[in-house]
Amino acid sequence: MDPVGRAFVAECARLTEILAELVDADLDRPTDCPPWTVRELVAHVRTGVGRLTDMLAAPAPPRAEVDAAGYFGLARFTPPVDADRIAGARRDALPVDRAALATEFDSAWRATDAAVAAAPPGRVVRTRHGDAMGVTEFLRTRVVEVGVHGLDLAAALGRPAWLTPPAAEVIADLLTGGRPAPAGLRWDQLTLIRKTTGRAALTVPERSAIDAAGFRWLTFGR
C-alpha cells in the first residue's frame, strides 16, 4: 500500500475507535465548524470518505487534470458550494444515532479502501465538482478531510488530538508543497497543521518568521 493509502486506513481506523467511545451527550456538542454539531461533522466526514466508491463505479475520464492541491481551490469554498456542503451534512446526520456512527463510518471507509485496491494503476475519477483526478490524488484529499476534521472533533469533545503519524505526514506535505517550515518556528507536524489550517492562532513572532522566510502554504476553508 502506498503512503497515502496507509494514511487513509490509519486515520479512518483511529476515528472509528473514537466514534465507538462516544456517548449520546457528545453528539450535539458544537464544533468550530459552525453551524455543525459533532453529529453533523461526523456525517460530513462519513460522506467524504465514501465518495470514491461511487466515483470508481462511474466511467473513467481520459486523463487527470487536477491534483490534490488544485482540488482545494477557491471554487470549493464559494457561498453556494459551502451552503450545499452544510445542508448535506445536516441532512445526512438526521437519521444517525450514536450506536450507528462508528458502524456506518467504518463501512464507508472500508468500502472505499476496497474499491481503491481493486482499481487499476493510474485510474482517473471525476469529482462531484467535475474535476478529473487520479485516484491517489483524490484519496489524498480524503486524508485531509478525516485528519483535519479529526482535530475539530477532538476540540469539540475536549480530547487530545489523535492525528496519526501517517496522516500527519501526508497532510503536512500537501499543505507545504513538501517544503519545511522555517526552522525558527520549531513546529512539529501537528502544530504546523493546526497553524496553517487556522486551528491555532499565529503569534506575532511566528508571523514575523513566516514573513521573513517567505513561507507560504496551501489554504482552504474549514
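These are my notebook entries on a predicted model of one protein chain.

**Entry 1: the chain as a whole**

I began with the secondary structure. I listed nine helices and two strands in the chain. Read from the N terminus, the order of the elements is α-α-α-α-α-β-β-α-α-α-α. I then looked up burial for the chain of 222 residues, and buried residues make up 46% of them.

**Entry 2: the nonpolar core**

Next I looked at the largest nonpolar core, which has 59 residues. Which of its members touch the most other members? I noted L15, V49, L52, F105, V143, I171 and I193. I also wrote down which elements give two or more residues to this core: helix 1, helix 2 (38-57), helix 3, helix 5, helix 6, helix 7 (165-176) and helix 8 (189-196). Helix 6 supplies the largest share, twelve residues.

**Entry 3: aromatic pairs**

I turned to the rings. A pair of aromatic rings is described by how far apart the centres are and by the angle of the planes. I counted four aromatic pairs in this model.

One of them joins F8 and W109, with 6.4 Å from centre to centre and 80° between the planes, and it is edge-to-face. F8 sits in helix 1 (residues 3-20) and W109 in helix 5, so this pair links distant parts of the chain, 101 residues apart. Are these two residues buried or exposed? F8 has 2% relative accessibility and therefore counts as buried, the cut-off being under 20%. W109 is likewise at 2% relative accessibility and counts as buried.

Another pair is Y71 with F138. Their ring centres are 5.7 Å apart and the planes stand at 90°, so I recorded the pair as edge-to-face. Y71 belongs to helix 3 (residues 68-71) and F138 to helix 6, so the pair ties together parts that are 67 residues apart in sequence. Y71 counts as buried because its relative accessibility is 6%. F138 is buried too, with a relative accessible area of 1%. I noted as well that ring pairs link Y71, F72 and F138 into a cluster.

**Entry 4: the second largest pocket**

I looked for open space next. Rolling a probe the size of a water molecule over the atoms shows where empty space is left. The second largest pocket holds about 250 Å³ of space. It is lined by 15 residues, and the closest to its centre are D2, V116, A117, V135 and T136. Which helices each supply at least two residues of the lining? I found helix 5 (98-118) and helix 6 (135-157). By class, I sorted the lining into eight nonpolar, four polar and three charged residues.

**Entry 5: cysteines**

I checked for disulfides and the structure holds zero. I then looked up two cysteines. C12 counts as buried because its relative accessibility is 0%. C33 counts as buried as well, at 5% relative accessibility.

**Entry 6: backbone details in two loops**

I looked at the peptide bonds. The bond from P34 to P35 is cis, with omega near 10°. P35 lies in the loop between helix 1 and helix 2.

I then looked at phi. R186 has a positive phi of about 55°, although it is not a glycine. Where does R186 lie? I placed R186 in the loop between helix 7 and helix 8. Its relative accessible area is 80%, and so R186 is exposed, the cut-off being over 50%.

R14 is found in helix 1. With a relative accessible area of 27%, R14 is partly exposed. R14 and W162 are 148 residues apart in sequence, and their C-alpha atoms are 7.5 Å apart in space.

R126 is found in strand 1 (residues 124-126). I noted R126 as partly exposed, with a relative accessible area of 40%. How far from the C-alpha atom of D54 is that of R126? The two are separated by 10.0 Å, while along the chain R126 and D54 are 72 residues apart.

Note on methods: Residues numbered from 1 in each chain as written. Predicted model: local features only at pLDDT ≥ 70, side-chain atom pairs only at ≥ 80, totals over all residues. Heavy atoms only, no water. Disulfide = S-S within 2.5 Å. Buried < 20%, exposed > 50% of the residue type's maximum accessible area, 1.4 Å probe, protein only. 1 Å grid on protein atoms, 1.4 Å probe; cavity = no way out; pocket = protein on both sides within 12 Å on 5 of 7 lines; lining within 4 Å. Points joined across faces, edges and corners; volume = space filled by probe spheres on them. Helix = DSSP H or I, 4+ residues; strand = E, 2+ residues; numbered from the N terminus. Nonpolar A, V, L, I, M, F, W, Y, C, P; charged D, E, K, R; others polar. Phe/Tyr/Trp six-rings, centres within 6.5 Å; stacked < 30°, edge-to-face > 60°. Core = buried A, V, L, I, M, F, W, Y, C linked by side-chain atoms within 4.5 Å.
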